[in-house]
There are 2 protein chains.
Amino acid sequence: MTNDVAAISAATSSIESIAALSDTRSSRRQRNAPTINDVAAHAGVSPMTVSRVINGEQVVRAATRAKVDAAIAALNYAPSAAARTLAGGDETRIGLLYSNPSSSYLSEFLVGSLDQASRSSVDLVVEKWDEETSIASVVAHLLRGRIDGVILPPPLCDLDEMVEALGKAGIPAVAVATGRAPSALAAVSIDDRQAAYEMTRHLIALGHSRIGFIKGNPNQTASARRFEGYVAALAEAGLPVQDELIAQGYFTYRSGLDAAEHILALLDPPTAIFASNDDMAAATVAIAHRSGLDVPGDLTVCGFDDTSLATTIWPELTTIRQPISAMARAAVEVLVRQLKGRRSGDLESAEHLVLDHALIRRQSDAAPRMRPRLGGR
Amino acid sequence: MTNDVAAISAATSSIESIAALSDTRSSRRQRNAPTINDVAAHAGVSPMTVSRVINGEQVVRAATRAKVDAAIAALNYAPSAAARTLAGGDETRIGLLYSNPSSSYLSEFLVGSLDQASRSSVDLVVEKWDEETSIASVVAHLLRGRIDGVILPPPLCDLDEMVEALGKAGIPAVAVATGRAPSALAAVSIDDRQAAYEMTRHLIALGHSRIGFIKGNPNQTASARRFEGYVAALAEAGLPVQDELIAQGYFTYRSGLDAAEHILALLDPPTAIFASNDDMAAATVAIAHRSGLDVPGDLTVCGFDDTSLATTIWPELTTIRQPISAMARAAVEVLVRQLKGRRSGDLESAEHLVLDHALIRRQSDAAPRMRPRLGGR
DNA sequence: GGCCAAACTGATAGCGTTACCATTGCGTCG
DNA sequence: CGACGCAATGGTAACGCTATCAGTTTGGCC
């Protein structure tokens, strides 16, 4: 019996094998998914050994491991997450608390964290927090839902009250993309300062010397880091930091409109504007167009984040790519590790992962049309 | 023992109870989550009865049910999903196959389907399909991952090859937001034709008689339905359907730019443009602004879908709201029902759910500035 | 009031996996 | 040369829940 199944699915994944598999499934449905016992029998070892192989324990002899691996492949075996968590006794449930669904960010974030959650076989409970709900009640809700830890994507990661409330309730959290200095809270982020520095350097290298900057929402610590990077690159190049070229934005498209309008209304407007995120960069492009400016001919515009908006609009934005789904994945991993450690009593300090960013060059930047004034570069 | 815990968490969810709960948790962590047996003991019934109450079976006497409910509330009990699927023996795994991450759509969709998935205690496996991957290999991958059924949000729901391949492999699917006529495939959608009809009527009621229309991508059947609604409303009002006012779009911002440019370049441009989705409506607004037109003063622009983009840009778009997360939820439910039925041998025909839409009025529409020509309305 | 069916409730036996020992085999040291 | 320790494996008993079938009530009816 078992051998029949093995013979069938041991075939490579050609079209025929697909048909074969599907036949198997539809006839005696579901029930016959191979179990660890099937694998054990097929490999001639005990289920325990199979379990050890699956979980990558080191104590299994290489030869045995090979036999088991072969059996797993032959039977197309996949462990049952349910049985695993039940037996393992942990049943970890982690919450993903979000607000402000900057949808493009959220969807990528969700995909990443879901993937890692199923890989780590933990439950992911996605929870939205509106400003109307009190923090206490959210925390109460998490507790009631037996959430073991939470992931805080921006802007929640910078909401002190939330972090504090979670801390008081004893719920570990991981902050994602915070610009906050390393603290007791675990965190996964990119080097916002360095990224903004690189982008600004890139603009300077193109020949720009009057570079506008639209700041991000001050309620997110990353905003300050990005601004620091801009200032640092300017300083390094010997360029002045001019207040008139700097506008306050709030990460929304709307705020970007105001900020860009303000900057472009100057008598001597900049030849480039670096917005702290893509939404505001898109708004800047819109204002530029409305003012009859060509992008990038008359004005270079750069964003930050590389959300889908960056490639939606025209021209496509030169921007900084954050590895959003990798960060989400990492956040789940960090949290799971922390929870495991906590359960076994090791109180190791909070991890701080910094992932790589990348400058993505698209069509919204160019050298300035006019001769750059001397002193630039 | 058990009673102590009960006493603690029976308190209402005031701040104090939060603290109490968290204390309980952090001291003897995780292990002591109440089980069905605890509840049974507390209620003085058998675990089986508790199980029945939880699963909403009708055979439990009201008095018994009340006792159990009280015990559940007192202990703050939540069933273990793992144990449930393990014992239930079904361990359903459903796939969410997406391509073209129209991110705002996707994130809302994900949130909805995740929520329902955990409620129905099924595993949701999110899978992306790029155009480069062959359909056969995707299907093979699903089979290998033991996916029992898949959800197809647009545009995949209209990809015949995909639907067919899944059918051949014996994987049931639910199409979401397809405009396709009811078929063997289960589906959850809104009445696209009716929605577009209502929006067009709304524009006519405002006094518009020259109404432009930007069609959606022909690879999605909903596009045709929306166009039909537009035509029907025009016909009903005795207005002519003028080809020059109709442009082909592809649901992308870029295509909306071209379409809007085309329509607004007419000698006698329309006073309103109804785009088949929000992205193209946003593009239309951009073009209007670039041409020095005020929205809605000089041009009314309406969208469809009510994605976050609709409220991101300025002015905010009047649009048709699709209940995306409700549709996702419904899709999961339909699929689960179908799988259960299939497992127990009932081959009921495919369900077709039509959910309600709503016309959301925001700031992008107004009565036409010029006197509407006679014949309108 | 007693009997029978129907409506409830309970006991038992797993579901697939891992934790926690017990066991085996083999090289090594006293 | 025999016991001892270590490495590799196996046996057993949960984990928390539900399916199944076997009781035990209940209420209706004669």
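Predicted model: local features only at pLDDT ≥ 70, side-chain atom pairs only at ≥ 80, totals over all residues.
Colleague: Which strands are the edge strands of the open sheet of four strands in chain A?

Modeller: This sheet has parallel pairing and the order 7-6-8-9. Its neighbouring strands are turned by 15 degrees against each other on average, direction ignored. The strands that pair on one side only are strand 7 (246–248) and strand 9 (300–302) of chain A.

Colleague: Which residue is the bridge partner of A:Ile273?

Modeller: Strand 8 of chain A covers residues 272–275 and pairs with strand 9 of chain A in the parallel sense, over three bridges. The partner of A:Ile273 is found in strand 9, and it is A:Val301.

Colleague: At what angle does helix 13 of chain A run to strand 9 of chain A?

Modeller: Helix 13 of chain A spans residues 278–290 and lies across strand 6 (211–215), strand 8 and strand 9. Its angle to strand 9 of chain A is about 160 degrees.

Colleague: Why is one side of strand 2 and of strand 11 of chain B left without a neighbour in the sheet?

Modeller: The open sheet of six strands in chain B has parallel pairing and the order 2-1-3-4-5-11. Strand 2 (123–128) and strand 11 (352–355) stand at its edges, so one side of each has no neighbour in the sheet, and the reason is that each has a single partner strand.

Colleague: Which element gives the most residues to the surface near DNA strand C?

Modeller: DNA strand C is surrounded by 26 residues, and the closest are A:Ile36, A:Ser51, A:Ala83, A:Ala87 and B:Thr64. Elements that give two or more residues include helix 3 (36–43) and helix 4 (47–54) of chain A, and helix 4 (47–54) and helix 6 (81–88) of chain B. The most, five residues, come from helix 6 of chain A.

Colleague: How many charged residues does the surface near DNA strand C have?

Modeller: By class, this surface has 14 nonpolar and 10 polar residues. The number of charged residues near DNA strand C is two.

Notes
Residues numbered from 1 in each chain as written. Chains lettered and ligands numbered in written order. Pairing = 2+ DSSP bridges. Axes fitted to C-alpha atoms, helices over the stretch in contact; angles between N-to-C directions. Contact = placed C-beta atoms within 7 Å. Near = placed C-beta within 6 Å. Nonpolar A, V, L, I, M, F, W, Y, C, P; charged D, E, K, R; others polar.
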